[in-house]
Amino acid sequence: MIKLGGGWDELLSGLFSDERYLKIREFLKYEYSHYIVYPDMYDLFNCFRYTPLNELKAVILGQDPYHEPNQAHGLCFSVKKGVALPPSLQNIYKEIQSDLGITEPLCGDLTKWAKEGVLLLNTTLTVREHRANSHSKCGWAWFTDSVIKLISDNTQNTVFILWGGNARSKVPLIDQTKHLILQCAHPSPLSAFNGFFGCRHFSKTNEYLSAHGFKPVDWDLNT
């Protein structure tokens, strides 16, 4: 049995008992026993474990976990301490510096954001080593789409931060009368200059949270 805590077990219980999740689980049993798969199976649901549902302020949607060694640890865009910063994360840090004047961090571990109430959710939660999108067809899209819909239905005034086409395709799952949706290009070097830089999503998130009586997110990873 999966135990996540923080109110997630009650919200997601229907998903974990669904036949479609049981098929994902059987697929993962085979993959983890025959190949190197990221993240480590014990890190798979870290985004939920680090961000209790009743403390949720924002959701950042990623796509596929990093597929090289020692990077992925269950939080989108985040890498473990001591690992070189991926290009997309470097661009995220540049935007934060431009938006909020925060010095660009040297560490790529975003656990602090998760504990600040930012759910760092990939739309696919696992990947085979060296093979991007190798698990994208195993059923994770159904699971994470359902998570997004459940969050939309069961929370109020959550900020959904959607970067790139994959994330932006999730807009129909979100009730725009209850939540703020911020969307733009992906921070990848291939697209960051097409609208990601200058999006000011970090300050806009905090302005919205403050306006609705919530404590702003401390985006500064240097403290």
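Tutor: Ground rules come before the terms. In this predicted model, local features need pLDDT of at least 70 and side-chain atom pairs count only at pLDDT 80 or more, while totals for chains, interfaces and linings use all residues. Residues are numbered from 1 along each chain as its sequence is written, and side-chain values use heavy atoms, leaving out hydrogens and water.

Student: Why is C47 called buried?

Tutor: Buried means under 20% relative accessible area, exposed over 50%, partly exposed in between (1.4 Å probe, protein chains only). C47 has 1% relative accessibility, so C47 counts as buried. C199, at 5%, also counts as buried.

Student: Why are helix 4 and helix 8 called oblique?

Tutor: Helices are DSSP runs (H or I, at least four residues) and strands likewise (E, at least two), numbered from the N terminus. Axes are lines fitted to C-alpha atoms, for helices over the stretch in contact, and angles run from 0 to 180 degrees between N-to-C directions. Under 35 degrees is roughly parallel, over 145 roughly antiparallel, 65 to 115 roughly perpendicular, the rest oblique. The axes of helix 4 (residues 87-100) and helix 8 (residues 201-211) cross at roughly 60 degrees and come within 8 Å. The two helices are therefore oblique.

Student: Which residues meet there?

Tutor: Contact means heavy atoms within 4.5 Å. I92, E95, I96, D99 and L100 of helix 4 meet H201, F202 and S203 of helix 8.

Student: What makes strand 2 and strand 5 a pair?

Tutor: Two strands pair if DSSP finds at least two bridges between them. Strand 2 (residues 58-62) and strand 5 (residues 159-163) have 4 bridges, in the parallel sense. I60 has I161 of strand 5 as its bridge partner. The open sheet has 4 strands, in the order 3-2-5-6.

Student: What makes strand 3 and strand 6 edge strands?

Tutor: Strand 3 (118-122) and strand 6 (180-184) each pair on one side only.
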